[in-house]
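The structure comes first, and the description follows.

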Amino acid sequence: LFESRNGQAVSNIFWACGKLDVRSPKLFHLLDENVEWILQSQNALCVSNIAWSCGKLGIKSPKFFDELRKSDDLGWLLMNRNTRSIASIAWACGKLGEQSPKLFALAESRADWLFVNSLEM
C-alpha cells in the first residue's frame, strides 16, 4: 500500500478504518514510517482522512502529528477551496489533545475565507 505512494489509496484505507472502527496496529505503524512522503505530497484529502481516522479511533500517531505540527507552510490545506480538510484535521487534533499552533494560526488568519467557503459546501 505505502510502496505505491498512492495518496488516494492510503487515504481510502485510513478513512475506511475510521468508518468501520477497525484498529490496525500494523497500518498505523507503517504510517509513522511513511509520514514524510505523505506530508510532502501535500494531498489535503489524504492528510485529513488520516487525521480524521486517528481521531475517530482514538489512535495517537506521534510522528504524524509531530511532523504536521513542524510543517512550515500548511497553506496547501486550503487549496481548491477545500475547507473540509482543515476542519477534519482540527477536529482530530481536538479529539486527541494534539497541539497544532500553526494549523490553528492558519485557521485564524483565514477565518473569513473558511467561514464563507464552508457555507458554500
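## Loop residues and a helix pair

Gln42 lies in the loop that joins α2 and α3. The model is a predicted one. Although Gln42 is not a glycine, its phi is positive, at about 50°. Gln42 is also partly exposed, with a relative accessible area of 40%.

Asp21 sits in another loop, the one between α1 and α2 (25-40). The phi of Asp21 is near 60°, again a positive value in a residue other than glycine. With a relative accessible area of 45%, Asp21 is partly exposed. As background, most residues other than glycine have a negative phi.

The values for these two residues are set out below.

| Residue | Phi | Relative accessible area |
|---|---|---|
| Asp21 | near 60° | 45% |
| Gln42 | about 50° | 40% |

The helix pair is formed by α1 (residues 7-20) and α3 (residues 44-57), whose axes come within 8 Å and cross at roughly 20°. Because angles under 35 degrees count as roughly parallel, α1 is roughly parallel to α3. The crossing of α1 past α3 is left-handed.

Which residues of α1 and α3 meet? From α1 the contact takes in Gly7, Gln8, Val10, Ser11, Phe14, Trp15, Cys17, Gly18 and Lys19. From α3 it takes in Leu45, Cys46, Asn49, Ile50, Trp52, Ser53, Lys56 and Leu57. By type, the residues of the contact of α1 with α3 are 9 nonpolar, 6 polar and 2 charged.

Terms used: Residues numbered from 1 in each chain as written. Predicted model: local features only at pLDDT ≥ 70, side-chain atom pairs only at ≥ 80, totals over all residues. Heavy atoms only, no water. Axes fitted to C-alpha atoms, helices over the stretch in contact; angles between N-to-C directions. Helix = DSSP H or I, 4+ residues; strand = E, 2+ residues; numbered from the N terminus. Parallel < 35°, antiparallel > 145°, perpendicular 65-115°, else oblique. Left-handed = near helix turned anticlockwise from the far one by under 90°. Contact = heavy atoms within 4.5 Å. Nonpolar A, V, L, I, M, F, W, Y, C, P; charged D, E, K, R; others polar. Buried < 20%, exposed > 50% of the residue type's maximum accessible area, 1.4 Å probe, protein only.
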